[in-house]
Amino acid sequence: MTEAVAPNCLPTTTTPTPLLSKGDNTTTTTPLRSLCTSLHAQITAFLSEDVPTEKLRAVQRQTRLSLSIIQSALDRYPLTSLSLSYNGGKDCLVLLILYLSLLARHPWLPHSLPAIYIPPSHPFGSVTEFTLASAQRYHLALDIHVADEGGGTKGKGAGSMKEAFADYLRKHKEVEAIFVGTRRTDPHGGKLSGEGFDITDGGWPRFMRVHPVIEWHYVEVWAIPYCELYDQGYTSLGGTNDTHPNPALRIEGPEGEVRYRPAYELEEDGEERLGRDW
């Protein structure tokens, strides 16, 4: 990356400047309405900037597109019928921040927002810690559904994910649509519509998938505090049994020592999952 991206400032170094301090897993007591109002002001300010580079102008375009999809969901569904699939990853964090910013204008807000968390069967401890801490910071009522490997799937496979969502929807019958942080280059992302709305199919429990960040590119998502593993060369996070530092970021020193550049220095969408076994 030649510059970082953040909704609240114009960065000048190669290190991303997030909305909040990167790596800070402390929680907050900021009321939801105040949090949403603050994020709305920061994103509005970013969108009004005359930014100096094409990369930042691309992020402005992506942000406006994502906000329009989220607003369409808020127009189509009552807030009580919306949920969020959240795993602490970079893509759903961008989605969450934009979602919260639009809720600043919503006439009514609950104490916390419905969300489902489906961790892999072999989770990284730091990912779990970040997910739970950020969920508290951003007022998510996180419902944890552990993926079941018994159905012949590996880790967070399709079968176990289906069962987790089915269980969640049985418990939360009011939920009609779920925000997901899928991007075009993710597995099966190429089949999703560019309009941001796709009903589930293929034997999945029925709900509307809302994917506002579908067209974001890998280099555009480093806008908010993220899990520390991304600074250690991991670019796509699954479980400890199927996730490794990305070999495209590997650096070998003069004496054979190996280290990895941070994830935000990767530029090619197609290389994002080189550290994943599936």
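A: Glu 265 and Arg 261 bring their side chains together in a salt bridge, with N and O 3.2 Å apart. This is a predicted model, so please read every distance here as computed from it. Glu 265 counts as partly exposed because its relative accessibility is 27%, and Arg 261 is also partly exposed, with a relative accessible area of 26%. Elsewhere, salt bridges with shared partners link Lys 90, Asp 91, Arg 183 and Glu 272 into one network.

In general, side chains of opposite charge can pair when their charged atoms come close. The salt bridges here number 10, and two further pairs are worth a look. Arg 61 meets Glu 54 in a salt bridge with an N to O distance of 2.6 Å. Arg 61 is partly exposed at 45% relative accessibility, and Glu 54 is partly exposed too, at 42%. In the other pair, Glu 252 bridges to Arg 250, and the closest N and O atoms are 3.6 Å apart.

Val 219 sits in the loop between β6 (208–210) and β7 (250–252). With a relative accessible area of 11%, Val 219 is buried, because the limit for that class is under 20%. Val 219 and Glu 267 are 48 residues apart in sequence, yet their C-alpha atoms lie 5.7 Å apart in space. For the protein as a whole, residues 24 or more positions apart make up 73% of the contacts with a separation of 6 or more.

Buried along α1 are Leu 32, Leu 35, Cys 36, Leu 39, Gln 42, Ile 43, Phe 46 and Leu 47. These residues cover an arc of only 135° around the axis, which means that they lie on the same side of α1. The partners that the buried residues of α1 pack against are α2 (54–76), α3 (90–103), β2 (113–117) and α4 (125–137).

Leu 132, Ile 144 and Val 146 make up a nonpolar patch on the surface, and together they have about 270 Å² of accessible area. Val 146 belongs to the loop between β3 (140–144) and α5 (158–171), and Val 146 counts as exposed because its relative accessibility is 60%.

Finally, here is the wider setting. The protein has 5 helices and 8 strands, which follow one another from the N terminus as α-α-β-α-β-α-β-α-β-β-β-β-β. Of its 278 residues, 53% count as buried. The accessible surface comes to about 12,300 Å², and carbon and sulfur atoms account for 51% of that surface.

Technical notes
Residues are numbered from 1 along each chain as its sequence is written. This is a predicted model: local features need pLDDT of at least 70, side-chain atom pairs count only at pLDDT 80 or more; totals for chains, interfaces and linings use all residues. Side-chain values use heavy atoms; hydrogens and water are left out. Buried means under 20% relative accessible area, exposed over 50%, partly exposed in between (1.4 Å probe, protein chains only). Helices (H or I, at least four residues) and strands (E, at least two) are DSSP runs, numbered from the N terminus. The arc is that of the directions from the helix axis to the C-beta atoms. Contact means heavy atoms within 4.5 Å. Patches are made of residues with over 30% relative accessible area and no salt bridge: like charges are joined within 9 Å, nonpolar side chains (Val, Leu, Ile, Met, Phe, Trp, Tyr) within 5 Å. Accessible areas come from the Shrake-Rupley method with a 1.4 Å probe; for residues, only the protein chains shown count as cover. A salt bridge is a side-chain nitrogen of Lys or Arg within 4 Å of a carboxyl oxygen of Asp or Glu.
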